[in-house]
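Colleague: I am new to this structure and would like a short tour. Could we begin with the space enclosed inside?

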Amino acid sequence: MAARERFDHEIQAIQSELLKLSNLCIQALEISFNAFIEKDIARAKEVIEQDVIINRLEEEINNRVILVMTRQQPVAKDLRRLVVLLKAAADMERVGDYAVNIAKESIRIGKERFITSVELLEDMCFKTTEMLRQVVEAFVEENMSKAKEIAEYDDQIDEMYGNIITHLMRLSSVAPENISQITYLSFICRYIERCADHATNIAEYLLYLKKGQRYDLNR
């Protein structure tokens, strides 16, 4: 097999692993949030326990990228692609970490009744998972239009985040006895918002890969 063919084969293998990692992280976020809504402590614990699989897969991607860099000594665009794969894997792994954090907050809340409606949180998480799926599709297809649309999703998530936090702050002043759950809900809201930020990062990496210059979709 020629050097170029070997390189392309390795890149395809790493991209396949990144797709697997992405799907696992999005699934973990969905399961974790559903466990929170349904107060399913057992499922929340499963998300925490299975995080080791996500961590191991991200480490495998890192090792493969470093190995390709060492053996193939890629130049220009090829090197850029490897760096983008490395960074995208790191961002997706963080989504998995936030899924774990949501699971931990769910366990802290336990079977306690929600002190306020969580409907807006549900909408926020749904939009975030859709955002993550779209950025994965954009990455696989190298579709710049889809990547640029991520900025619009992110603006919606930021607005929802602001509304929820404002509501929770007001609630803390009128019902201080519920401050513990208010804090847990605030953290969950923040974790979802951070997942959306990581989706935006991945969209920016794709634009960097295709254009060779850095983009800030949050401007």
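Modeller: This is a predicted model. The largest cavity in it has a volume of about 40 Å³.

Colleague: How many cavities of 30 Å³ or more does the structure hold?

Modeller: The structure holds 1 cavity of 30 Å³ or more.

Colleague: Which residues line the largest cavity?

Modeller: Its lining is made up of Q15, R81, V84, L85, F139, E142, L206 and L209. The largest share, 3 residues, comes from α3.

Colleague: What classes of residue are found in the lining of that cavity?

Modeller: The lining of the largest cavity has 5 nonpolar, 1 polar and 2 charged residues.

Colleague: E142 was in that list. Where is E142 found?

Modeller: E142 lies in the loop between α4 and α5 (144-174). Its relative accessible area is 23%, so E142 is partly exposed. E142 is not a glycine, yet its phi is positive, at about 55 degrees.

Colleague: What about K39? What is its phi?

Modeller: K39 has a positive phi of about 55 degrees, although K39 is not a glycine. K39 sits in the loop between α1 and α2.

Colleague: Is K39 buried or exposed?

Modeller: K39 counts as buried, because its relative accessibility is 15% and the cut-off for buried is under 20%.

Colleague: Let us step back to the whole chain. What does its secondary structure come to?

Modeller: The protein chain has 6 helices and 0 strands. Along the sequence the pattern reads α-α-α-α-α-α. The C-alpha trace spans about 70 × 35 × 20 Å along its principal axes.

Colleague: And how much of the chain do buried residues make up?

Modeller: Of the 219 residues in the protein chain, 46% are buried.

Colleague: Now the open spaces. How much space lies in the largest pocket?

Modeller: The largest pocket holds about 200 Å³ of space. It is lined by 14 residues, and those closest to its centre are Q15, L18, L19, F139 and V140. The elements giving two or more residues to this lining are α1 (3-38), α3 (76-109) and α4 (119-141).

Colleague: Which element gives the most to that lining?

Modeller: That is α1, with 6 residues. By class, the lining of the largest pocket has 9 nonpolar, 4 polar and 1 charged residues.

Colleague: What lines the second largest pocket?

Modeller: The lining residues are L24, Q27, A28, I31, R43, E46, V47, Q50, D51, I53 and I54. The elements that give two or more of them are α1 and α2 (41-72), and α2 has the largest share, with 7 residues. The second largest pocket contains about 170 Å³ of space. Its lining divides into 6 nonpolar, 2 polar and 3 charged residues.

Colleague: Then tell me about α2. Where is its kink centred?

Modeller: The kink in α2 is centred on Q50 and comes to about 30 degrees. Q50 is also one of the residues lining the second largest pocket.

Colleague: How far apart are the end C-alpha atoms of α2?

Modeller: They are 47 Å apart. At 1.5 Å a residue, the 32 residues of α2 should span 46 Å, so the two values agree.

Colleague: What is found at either end of α2?

Modeller: At its start, a side-chain oxygen of D40 comes to within 3.3 Å of the backbone nitrogen of A42. Just after α2, Q73 has a positive phi of about 45 degrees.

Colleague: Which residues of α2 are buried?

Modeller: They are A44, V47, D51, I54, L57, E58, I61, V65 and V68.

Colleague: One last topic, E193. Where is its place, and what does its side chain contact?

Modeller: E193 is in helix α6. Its side chain makes a polar contact with the side chain of R190, at 2.5 Å. With a relative accessible area of 6%, E193 is buried.

Colleague: And Y184?

Modeller: Y184 is in helix α6 as well, and is partly exposed, with a relative accessible area of 21%. Y184 and D8 are 176 residues apart in sequence, and their C-alpha atoms are 46 Å apart in space.

Notes:
Residues are numbered from 1 along each chain as its sequence is written. This is a predicted model: local features need pLDDT of at least 70, side-chain atom pairs count only at pLDDT 80 or more; totals for chains, interfaces and linings use all residues. Side-chain values use heavy atoms; hydrogens and water are left out. On a 1 Å grid over the protein atoms alone, a cavity is a set of points where a 1.4 Å probe fits but cannot get out, and a pocket is an open set with protein on both sides within 12 Å along at least five of seven lines; lining residues have an atom within 4 Å of a point. Grid points are joined across faces, edges and corners, and a volume is the space filled by probe spheres set on the points. Helices (H or I, at least four residues) and strands (E, at least two) are DSSP runs, numbered from the N terminus. Ala, Val, Leu, Ile, Met, Phe, Trp, Tyr, Cys and Pro count as nonpolar, Asp, Glu, Lys and Arg as charged, and the others, Gly among them, as polar. The expected span of a helix is 1.5 Å times one less than its number of residues. The bend at a residue is the angle between axes fitted to the seven residues ending there and the seven starting there. Buried means under 20% relative accessible area, exposed over 50%, partly exposed in between (1.4 Å probe, protein chains only). A polar contact is a pair of N or O atoms within 3.5 Å; within protein, one must be able to donate a hydrogen and the other to accept it, and residues adjacent in sequence count only if both atoms are side-chain atoms.
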